Amino acid sequence: LFNHIDIPQENTSVPNGLAGDLAAECARYEQLIQAAGGIDLQLLGIGHNGHIGFNEPSEAFTLETHVVELTQTTVDANARFFASRQDVPQRALTMGIRAIMQAKAVLVAVSGTDKADIVLRAFRGPVTPAVPASILQLHPQMTLVGDRAALHKLTEAGE
């Protein structure tokens, strides 16, 4: 993304998934967010299983930046970005739900008919860590944008 928009490199930051000490990297990233005064605009997609960032479905929302074992659904969805399936990471670092929910504004972009079911579950179903994106129902400045294919079940539900 940062290679395709006009933003100074020093104004960008992502957690370093290749750091030698991943726990320390997660703590560093969490501190960086706090030192910056939080996040102004959080841009998110939504996974087929309802993950946001790489906050995978779970029994509880993880609040801080953390290491996550990716579900097979997420691994499969990201395989297209790698030369071979063996190259697809099985773990990732992800921002926690707290930082996402404390962002001043959240923009969720979604496309494709294959996302229609999870969009309906995430934005009209119960808030549950089993569908991490569902927490966004509680964000006061969340905007969902998508194509008709991804949003058509919301429209059919009278939204």
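Biologist: In which helix do Arg-28 and Glu-25 both lie, and how many residues apart are they?
Modeller: This is a predicted model, in which local features need pLDDT of at least 70 and side-chain atom pairs count only at pLDDT 80 or more, while totals for chains, interfaces and linings use all residues. Residues are numbered from 1 along each chain as its sequence is written, and side-chain values use heavy atoms, with hydrogens and water left out. Helices (H or I, at least four residues) and strands (E, at least two) are DSSP runs numbered from the N terminus. Arg-28 and Glu-25 are about one turn of the helix apart, and the helix and spacing are α1 and 3 residues.

Biologist: What is the N to O distance in the salt bridge of Arg-28 and Glu-25?
Modeller: A salt bridge is a side-chain nitrogen of Lys or Arg within 4 Å of a carboxyl oxygen of Asp or Glu. Side chains of opposite charge can pair when their charged atoms come close. For Arg-28 and Glu-25, the N to O distance is 2.7 Å.

Biologist: Is Glu-25 buried or exposed?
Modeller: Buried means under 20% relative accessible area, exposed means over 50%, and partly exposed is in between, using a 1.4 Å probe and protein chains only. Arg-28 has 38% and is partly exposed. Glu-25 has a relative accessible area of 8%, so it is buried.

Biologist: How many residues apart in sequence are the parts that Arg-98 and Glu-64 tie together?
Modeller: Arg-98 forms a salt bridge with Glu-64, and their closest N and O atoms are 2.9 Å apart. Arg-98 is in helix α3 (residues 97-102) and Glu-64 is in the loop between β1 and β2, so the separation in sequence is 34 residues.

Biologist: Which helices hold Lys-153 and Asp-117?
Modeller: These side chains form a salt bridge with the closest N and O atoms 2.2 Å apart. The pair ties together parts that are 36 residues apart in sequence, because Lys-153 and Asp-117 lie respectively in helices α5 and α4.

Biologist: How many salt bridges does a search of the whole structure find?
Modeller: The pairs include Arg-98 with Glu-64 and Lys-153 with Asp-117. For the whole structure, the search gives 5.

Biologist: What is the strand order of the open sheet, and which are its edge strands?
Modeller: Two strands pair if DSSP finds at least two bridges between them. The sheet has 3 strands, paired in parallel, in the order β1-β4-β5. Pairing on one side only marks the edge strands, β1 (41-44) and β5 (142-146).

Biologist: What angle does helix α5 make with β5?
Modeller: Axes are lines fitted to C-alpha atoms, for helices over the stretch in contact, and angles between N-to-C directions run from 0 to 180 degrees. β1 runs parallel to β4 (residues 105-110), with 4 bridges joining them. Helix α5 (residues 148-156) packs on the sheet and touches β4 and β5, contact meaning heavy atoms within 4.5 Å. The angle between the directions of α5 and β5 is about 120 degrees.

Biologist: Which residue of β3 is the bridge partner of Val-68?
Modeller: β2 (residues 66-69) has His-66 and Val-68 buried on one face. β2 pairs with β3 (residues 91-94) in the antiparallel sense over 4 bridges. The partner of Val-68 in β3 is Ala-92.

Biologist: Which residues does Pro-89 contact, leaving aside its neighbours within four places in sequence?
Modeller: Pro-89 is in the loop between α2 (72-78) and β3. Its relative accessible area is 35%, so Pro-89 is partly exposed. Beyond those neighbours, its contacts are Leu-70, Val-75 and Phe-82.
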